[in-house]
Amino acid sequence: MAAAINTTAALQIRTWQQNPHRLFQIRSIQRPDPAGFSRSVDWQSTCAILSSTTKATHDHSSPPVINGSNTTTALDLVPTVVGGNGNNLPKPLSITDLSPAPMHGSTLRVAYQGVPGAYSEAAAGKAYPNCEAIPCDQFEVAFQAVELWIADRAVLPVENSLGGSIHRNYDLLLRHRLHIVGEVQLPVHHCLLVLPGVRKEYLTRVISHPQALAQCEHTLTALGLNVTREAFDDTAAAAEYVAANGLRNTAAIASARAAELYNLQIVADGIQDDSGNVTRFVMLAREPIIPRTDRPFKTSIVFAHDREGTSLLFKVLSAFAFRDISLTKIESRPHRNRPIRLVDDANVGTAKRFEYMFYIDFEASMAEPRAQNALAEIQEFTSFLRVLGSYPMDMTPWSTTGPPSASSSSSSSSSSD
Ligand SMILES: O=C(O)C(=O)C[C@]1(C(=O)O)C=C[C@@H](O)C=C1
């Protein structure tokens, strides 16, 4: 159990004792955005990764200053322990409140979004066997839990083979200063869960995470269910909701482990539209790992440019193609600081153009000269470039049959930290 930390409540992190599966859940940390990405090149991240043989050039080795002049953050873990004299005044932080990362005793604390039984919990267990998985109610909270040293790592979904990208996490990667230190690919095997004794014909509603609903869209129709579909924060929370409220007309789409945890019955198994349903998660840490060349590595970058120019993407892709570097993913998101640009078009009028941030994953380690050279070239024509991380690729073969790796005990870590 994490130590209770009490200061003023600019942040609110609620923890509570639950069943043996849920040590505590972190909820809604409210905090102003950390520094944005105003510099033209994000040297802090980029240099840290570019230095392939030395330790990172920036120092994240100390916990954040709580209530200090360089941050407005403070945190409050509940159950709150008020001052020893029984008043409501905050108790000063002590050294034991700020446990050193990454290890606490021998247990790594890994934040994930959702409640126990969520696929993200299974991904945390796959990435870090024997970790202490810490449920968070939002993706952003998982980021902040790591930034505030409440967790050592966060494991977050970024894309699914059927549902596509999880855009929220792309945006958060940019807004926060964490580094990608690994990836894990989890086969996702969905079940339709109901209260014991309920038959499919009684159902009028199916609830789940929007990604899970999307991944089962056709199968739900094929099952002949006459149901409405409603979005929930995560698959396991939907299962918990059905169980806690005794809902006999509602089914949840979730894992077999969620069925076990919340005493629900599986009425349909493997209801994802394609048996090869896989979600890719990234592992995040305060420090980057040192890139290596002794195993396959992937590198994730994000970039933008603020000048006119139609050929930016062509130039970037060429920089990789000329060096025979394969790309595994390209994604664009609205430019956070300037989503629209007005373009004055030679007396013809004023046009509005959308502005983007581009995310690319490529198959090379930042320890390789060809990757360093590609990025050096890309820097020439981008106004902003950040290396999000250079990390070992998950090479585990996908098992498309049988139940998912929904238990937290399977072992396949693709982080070298
Ligand atoms: O709801 C869950 O169980 C999650 O872990 C979230 C999530 C997602 O965000 O994509 C993870 C894996 C599956 O693709 C479905 C949902």
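## Around the ligand

Let's start with Ser120: an N or O atom in the Ser120 side chain is 2.6 Å from an oxygen atom of the ligand. That is a polar contact, meaning a pair of N or O atoms within 3.5 Å. This is a predicted model, where local features need pLDDT of at least 70 and side-chain atom pairs count only at pLDDT 80 or more, while totals for chains, interfaces and linings use all residues. Residues are numbered from 1 along each chain as its sequence is written, and side-chain values use heavy atoms, with hydrogens and water left out.

| Side chain | Distance to a ligand oxygen atom |
|---|---|
| Ser120 | 2.6 Å |
| Thr279 | 2.8 Å |
| His209 | 3.3 Å |

The protein covers 100% of the ligand's own 360 Å² of accessible area (Shrake-Rupley method, 1.4 Å probe).

As for the shell, 13 residues surround the ligand, with Tyr119, Ser120, Gln215, Thr235 and Thr279 the closest; a residue counts if one of its heavy atoms lies within 4 Å. By class, five are nonpolar, seven polar and one charged, with Gly among the polar ones by this scheme. Two or more shell residues come from each of helix H2 (119-127), strand E6 (153-160), helix H5 (210-215) and strand E14 (278-285). Helices (at least four residues) and strands (at least two) are DSSP runs, numbered from the N terminus.

Arg257 sits in helix H8 (residues 256-261) and Glu121 in helix H2, 136 residues apart. The count comes to 16 salt bridges, each a side-chain nitrogen of Lys or Arg within 4 Å of a carboxyl oxygen of Asp or Glu.

Notes:
A polar contact is a pair of N or O atoms within 3.5 Å; within protein, one must be able to donate a hydrogen and the other to accept it, and residues adjacent in sequence count only if both atoms are side-chain atoms.
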